Amino acid sequence: MDRLDNTIRPYAWGSTTAIPRLLGTEPTGEPQAEMWMGAHPGAPSRTDRGTLVEVIDADPEKELGPDSVAKFGPRLPFLLKLLAAGAPLSLQVHPDLAQAKEGFADEERRGVPVTAPHRNYKDANHKPELICALTEFDGLCGFRDPLRAADLLDGLGVDSLKPYVDLLHAHPEEAALREVLTAILTADPEEMTHTVTETAAACDRLGGAYAPYADIAHHYPGDPGVIAAMLLNHVRLQPGEALFLGAGVPHAYLDGLGVEIMANSDNVLRCGLTPKHVDVPELLRIVRFEAGDPGVLRPEAGPDGEEVYETPIDEFRLSRYVLPEGGTTHDLTLLTPQILLCTAGSVRAGDHELSPGRSVFVPAGEKAGVTGTGTLFRATVVA
């Protein structure tokens, strides 16, 4: 197996302390938002044999296994991350596989450069995600019931929110949510800035259930995404709890440290809380206007101490091992590729000692004996 040397991405929303604290390093004062583990061409992990992209390209079947190559092609189909949010991320959705293929082909046909700021589809893949909390982790996930959203907005006492409240009461669920989100994103910018300013002041004054939105407005003053965010479920994950984010589900991470895994894609359509491009017609085509519980996941016990986060897709499978002091060696050998990430304690994987934040790549079929005391996350595929 290969010890991984991973890139930390300095996105502006990143925490300055969470990843350094986990790694046991000194903060630099700069945001450290994500640490990428995998073979994404944007920042592939490095090994003693070259980048993980180069290692896999040299012999895909040996590194990934024939079953994974047959199902997903000669590439690692997932990207594993440590994600540390110190400020809210953009409110966003991801397309399903058919939408991604269609959108990518359309923009290629129209000659839209992949690097263009108004480009929606950077590739032809979908981007389901799973975030598992390592600390308390706040996020927004999926639509609230329209009547609950109406009550939340109405409770602010802001006159310019009344039309949205009326719309949420006046239509069936899907139509109500669609009409309100459309109205928010297409409102006159000057009027919306005024509405958001009043809303932020009311949220700040009332606190309680409104406190997350006061914080969002502090980071994104005047952004219509502040109002759109109030249509969504606010979720606070405890350590070990997770959220699965499927296609078309609007979401945003607000604060906390977690392990994130996703299909290898850069396709994002933004709803707000961003200075970047918002393509309202395409966004409305992708969003699933369905209210419901965000569905907090807790790991399900499997054999040999493995705890699995069950999801409905095959590009990734995330599980963890909480290894007690004096425990036995666990055989994690699989016929699919794996990345093993330590997040607590000290774990020995093969010949490698892993402290928190350290990881290894395990080629398909490679013997993977693990022992120690701590927490180990395992990322692989369902092939």
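Strands here are DSSP runs of E with at least two residues, and helices are runs of H or I with at least four, both numbered from the N terminus. The model is predicted, so local features need pLDDT of at least 70 and side-chain atom pairs pLDDT 80 or more, while totals for chains, interfaces and linings use all residues. Residues count from 1 along each chain as its sequence is written, and side-chain values use heavy atoms, with hydrogens and water left out.

**View A. The second largest pocket, with strand 9 (residues 137–143) giving the largest share of its lining, three residues.** Its volume is about 320 Å³. Of the 21 lining residues, Gly246, Ala247, Val249, Arg288 and Glu290 sit nearest the centre. The lining splits into twelve nonpolar, five polar and four charged residues.

**View B. The largest pocket, with about 1000 Å³ of space.** Tyr11, Ser90, Val268, Arg270 and Lys276 are the closest to the centre among 42 lining residues. Strand 12 (251–263) is one of the elements that give two or more residues, and strand 12 gives the most, with five.

*Pocket terms:* a pocket is an open set of points on a 1 Å grid over the protein atoms alone where a 1.4 Å probe fits, with protein on both sides within 12 Å along at least five of seven lines; lining residues have an atom within 4 Å of a point.

**View C. The buried residues of helix 6 (residues 146–154): Pro146, Ala149, Ala150, Leu152 and Leu153.** They cover an arc of only 160° around the axis, which puts them on the same side of helix 6. Buried means under 20% relative accessible area (1.4 Å probe, protein chains only).

Conventions: Buried means under 20% relative accessible area, exposed over 50%, partly exposed in between (1.4 Å probe, protein chains only). The arc is that of the directions from the helix axis to the C-beta atoms. Grid points are joined across faces, edges and corners, and a volume is the space filled by probe spheres set on the points. Ala, Val, Leu, Ile, Met, Phe, Trp, Tyr, Cys and Pro count as nonpolar, Asp, Glu, Lys and Arg as charged, and the others, Gly among them, as polar.
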